[in-house]
Amino acid sequence: MKLNRLLLLSLLCFGISQVTSAQLFKKRRDYLLTISTPWGDMHGILYNSTPLHKKNFLKLVNKKFYDGLLFHRVINTFMIQGGDPKSKGAAQGTMLGEGDVGYRVPAEILPNIFHKKGVIAAARDNNPEKASSGCQFYVVQGKVWDDKTLAEQMKRSPLRTYTPEQQQVYKTIGGTPHLDGNYTVFGQVLDNLWVIDSVATQKRDSNNRPLKDIAMKISCKKIKKKKITAQYGYTDWL
């Protein structure tokens, strides 16, 4: 009898905790990014599993650090890069990419987060810790791979294990698999991926800087996660 009471109490407590967790999730909010370009806006989120990068990026966005900076490096079927503070007002033809904010962000490279099309990742120099630039980032365009070419790409990251699901994404949505394990991916674009294509296909000079400046503006708004899910279909919440 006593044992049955204890079991019943445990089940009741478990049920209450489950309801509470569900209720808390519904009330939980997160930040929705808006990345504006001359071709339109993209909306995105930042991953909770890369908290150092999320906190740093939001800090810069809230300071309006990125407003007016350029996508200074674009490579079709690869990625578009921006965030160099020296790019704002830089004379046409000036080589960009060396500007920073005086610090790095420790690497947060995770096996379940990979370079599919639309992810937001941190640029970096060749430091051995793979620590990220404090401000420069890139958005992956990549391309779609078949079995043979994907296998060749995966060989470039021999320490990385790819799940069947990740391989399928690379063969349907596309991305840049050879970057996996080397750079921190900390967010993703949720809509209008064609904007990435529009930026990536612009004419550029020998340093991959667009011949015509492509300025950005980034803002963020804290809203309910369920609203983000409803509007963009995002459910992973990494």
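Residues are numbered from 1 along each chain as its sequence is written, and side-chain values use heavy atoms, with hydrogens and water left out. Because the model is predicted, local features need pLDDT of at least 70 and side-chain atom pairs count only at pLDDT 80 or more, while totals for chains, interfaces and linings use all residues.

**Aromatic rings**

Let's start with the rings. The structure holds ten aromatic pairs; rings of Phe, Tyr and Trp (its six-membered ring) pair if their centres lie within 6.5 Å, and planes under 30 degrees apart count as stacked, over 60 as edge-to-face and the rest as tilted. Take Tyr-138 and Tyr-183: their ring centres are 6.0 Å apart and their planes sit at 85°, so this pair is edge-to-face. The pair links distant parts of the chain, 45 residues apart, with Tyr-138 in strand β8 (residues 137-140) and Tyr-183 in the loop between α4 (164-172) and β9 (185-189). Helices (H or I, at least four residues) and strands (E, at least two) are DSSP runs, numbered from the N terminus.

Elsewhere, Phe-57, Phe-65, Tyr-66, Phe-71, Phe-137 and Phe-186 form one aromatic cluster.

**How buried are they?**

| Residue | Relative accessibility | Class |
|---|---|---|
| Tyr-138 | 4% | buried |
| Tyr-183 | 24% | partly exposed |
| Gln-188 | 9% | buried |
| Asn-208 | 18% | buried |

In soluble globular proteins, nonpolar side chains tend to be buried together. In this model the largest nonpolar core has 27 residues, and those touching the most other members are Phe-57, Tyr-66, Phe-71, Ile-80, Ile-120, Phe-137 and Ile-218. Such a core is a set of buried Ala, Val, Leu, Ile, Met, Phe, Trp, Tyr and Cys residues joined through side-chain atoms within 4.5 Å. Apart from it lies another core, of 20 residues, including Tyr-138 and Val-185.

Ile-120, leaving aside its neighbours within four places in sequence, is in contact (heavy atoms within 4.5 Å) with residues including Leu-33, Phe-137, Tyr-138 and Gln-188. That brings us to Gln-188, whose place is in strand β9. Its side chain makes a polar contact with the side chain of Tyr-47, at 2.8 Å. A polar contact is a pair of N or O atoms within 3.5 Å; within protein, one must be able to donate a hydrogen and the other to accept it, and residues adjacent in sequence count only if both atoms are side-chain atoms.

**Helix α4**

The buried residues of α4 are Gln-166, Val-169 and Tyr-170. They cover an arc of only 95° around the axis, which puts them on the same side of α4; the arc is that of the directions from the helix axis to the C-beta atoms. These buried residues pack against α3 (147-154), while Pro-164 and Glu-165 are exposed on the other side of α4.

**Positive phi values**

Most residues other than glycine have a negative phi. Asn-208 has a positive one, near 65°, and is found in the loop between α5 and β10 (217-224). Trp-237 also has a positive phi, near 50°.

How values were computed. Buried means under 20% relative accessible area, exposed over 50%, partly exposed in between (1.4 Å probe, protein chains only).
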